[in-house]
Amino acid sequence: MYSMSDNNKHDVGSEPQTILTISDLCTYFSNDDAVIKAVDGVSLSVKKGEILGIVGESGSGKSVTALSIMKLIRWPGKIVQGKILFDGKDLMQCKRGTMRSIRGNRISMIFQDPSTSLNPSLTIGEQMSESLKYHLGMKRAKAWERAKKLLDIVHIPHPDERLKQYPHQLSGGMRQRVMIAIALSCNPELLIADEPTTALDVTIQSQILDLIMELRDKYGTAIIFITHDIGVIAEIADKVAVMYCGKILAYGDTQTVLTRPIHPYLSALIQAMPKLDVEEDRLESIPGIVPNLKHLPKGCHFSPRCHLADEKCRNEMPALEQTDNYLTRCWAASSI
Ligand code: ADP
Ligand code: MG
């Protein structure tokens with residue numbers, strides 16, 4: 001059985017070590033008429049063996065946060081401010097070559113749609129070998145052996161046959177397992193999963209969540225798990241950051257945050273969650289729409305949709321502050 005302890009990257013002391021700390025990250029997109037603050041002052045951290053969930057509606061800045069960590073933001077986007085400390089190293093100061101050696105090796109990422117991330121004209125084995133050859137300098141035969149073991153780790157049966165197949169010969173769930181295997185190929189210390197189960201049906205989704213938790217338990221990998229589904233957060237995340245219009249609205253221990261949803265946006269997200277035990281004709285959705293980032297409302301960005309909003313909320317942005325054992329950005333929080 002393949003072991004991730006071939007190297008000492010995962011040595012854990014008594015206290016789990018913080019592997020990533022982001023402080024005051026701002027990533028903006030500029031065009032002729034506006035500056036879009038896709039990520040606006042985000043601070044968070046992840047420890048070894050921990051799953052940090054990032055949750056929010058579409059357009060809240062989750063993917064831009066992930067791509068910023070990987071330093072994959074392209075023009076007209078730019079990281080305009082902030083620190084990204086990975087294992088003590090500030091990635092903002094890293095040259096391109098250094099980032100290339102970190103990406104796919106020490107930090108790896110999986111995306112929502114495995115069919116667009118896999119190359120349709122290469123076999124699974126060829127694609128899996130690529131990163132092993134590039135980062136670990138393996139020769140073909142050794143890379144093939146390792147690829148087989150990786151398929152075993154992600155519970156894909158008959159790895160020998162699978163390696164010779166093309167992506168279209170695999171189901172969506174299998175393809176996502178292959179993507180996870182590729183992401184794991186160099187024993188990453190940090191795995192970023194950006195809506196990895198959104199394109200999959202519910203049964204397959206829960207198998208993939210189980211697999212991700214198993215990998216965390218076995219190898220102590222730190223994981224950032226991005227989703228728009230608060231139900232998935234409840235299942236998988238140790239800590240959660242709730243994002244809205246580029247800012248964190250709530251951040252803390254998942255159990256505490258979800259059982260005491262102080263922020264009205266968080267309560268609305270939980271309300272909108274499908275309930276297993278209740279037959280519902282339709283899903284409740286959060287009233288109103290996510291504002292256009294080009295024309296953000298003054299004050300708290302959630303205020304136009306918030307039933308508790310008053311004059312102050314509509315005029316002044318609240319800070320992210322400690323309340324009830326976690327951080328929340330809400331003027332009304334103390335009175336709830
Ligand atoms: P999500 O939370 O759905 O992952 P994203 O992080 O992808 O949201 O995007 C947040 C916002 O950033 C988008 O709503 C959009 O306004 C802006 N944005 C993202 N990518 C680009 C881009 N390439 N060009 C311009 N704006 C972008
Ligand atoms: Mg996204």
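Colleague: How much space lies in the largest cavity?

Modeller: Keep in mind that this is a predicted model. A probe the size of a water molecule, rolled over the atoms, shows where empty space is left. The structure holds one cavity of 30 Å³ or more. The space in the largest cavity is about 70 Å³.

Colleague: By class, which residues make up the lining of the largest cavity?

Modeller: Look at the names. The lining includes Cys300, Cys306, Cys313 and Cys330. Phe302, Trp331 and Pro264 are also among the lining residues, and so are His263, Ser303 and Arg329. By class, the count is nine nonpolar, two polar and one charged.

Colleague: Now the helices. At what angle do helix 4 and helix 5 pack?

Modeller: Two packed helices are described by the angle between their axes and the distance between the axes. Helix 4 covers residues 124–136 and helix 5 covers residues 140–153. Their axes are 9 Å apart. The crossing is right-handed. The angle is about 115 degrees.

Colleague: How do the residues of that contact divide by class?

Modeller: Helix 4 brings residues including Met128, Leu132 and Leu136. Helix 5 brings residues including Trp144, Ala147 and Leu150. The division is eight nonpolar, two polar and four charged.

Colleague: Which strands are the edge strands of the sheet of eight strands?

Modeller: The sheet is open, and its pairing is mixed. Its order is 6-7-8-3-9-10-12-11. An edge strand pairs on one side only. The edge strands are strand 6 (107–110) and strand 11 (321–323).

Colleague: Do strand 3 and strand 8 run parallel or antiparallel?

Modeller: Strands of a sheet pair through backbone hydrogen bonds, either parallel or antiparallel. Five bridges join strand 3 (residues 51–55) to strand 8 (residues 222–227). In one of them, Val55 has Thr227 as its partner in strand 8. The two strands run parallel.

Colleague: At what angle to strand 8 does helix 8 run?

Modeller: Helix 8 spans residues 202–219. Helix 8 lies across strand 3 and strand 8. Its angle to strand 8 is about 160 degrees.

Colleague: What is the order of the sheet of four strands?

Modeller: This sheet is open too, with antiparallel pairing. Its edge strands are strand 2 (35–47) and strand 5 (89–90). Helix 1 (residues 62–69) packs on the sheet and touches strand 1, strand 2 and strand 4. The order is 2-1-4-5.

Colleague: Which residue in strand 5 stands opposite Phe86?

Modeller: Strand 4 covers residues 77–86. Two bridges join strand 4 to strand 5, and the two run antiparallel. The residue opposite Phe86 is Lys89.

Colleague: What kind of peptide bond joins Trp75 and Pro76?

Modeller: Most residues other than glycine have a negative phi, and most peptide bonds are trans. Pro76 sits in the loop between helix 1 and strand 4. Omega for the bond from Trp75 to Pro76 is about 5 degrees. The bond is cis.

Colleague: Where is Asp87 found, and what is its phi?

Modeller: Asp87 lies in the loop between strand 4 and strand 5. Asp87 is a residue other than glycine, and its phi is positive. Phi is near 50 degrees.

Definitions and conventions
Residues numbered from 1 in each chain as written. Chains lettered and ligands numbered in written order. Predicted model: local features only at pLDDT ≥ 70, side-chain atom pairs only at ≥ 80, totals over all residues. Heavy atoms only, no water. 1 Å grid on protein atoms, 1.4 Å probe; cavity = no way out; pocket = protein on both sides within 12 Å on 5 of 7 lines; lining within 4 Å. Points joined across faces, edges and corners; volume = space filled by probe spheres on them. Nonpolar A, V, L, I, M, F, W, Y, C, P; charged D, E, K, R; others polar. Axes fitted to C-alpha atoms, helices over the stretch in contact; angles between N-to-C directions. Left-handed = near helix turned anticlockwise from the far one by under 90°. Contact = heavy atoms within 4.5 Å. Pairing = 2+ DSSP bridges.
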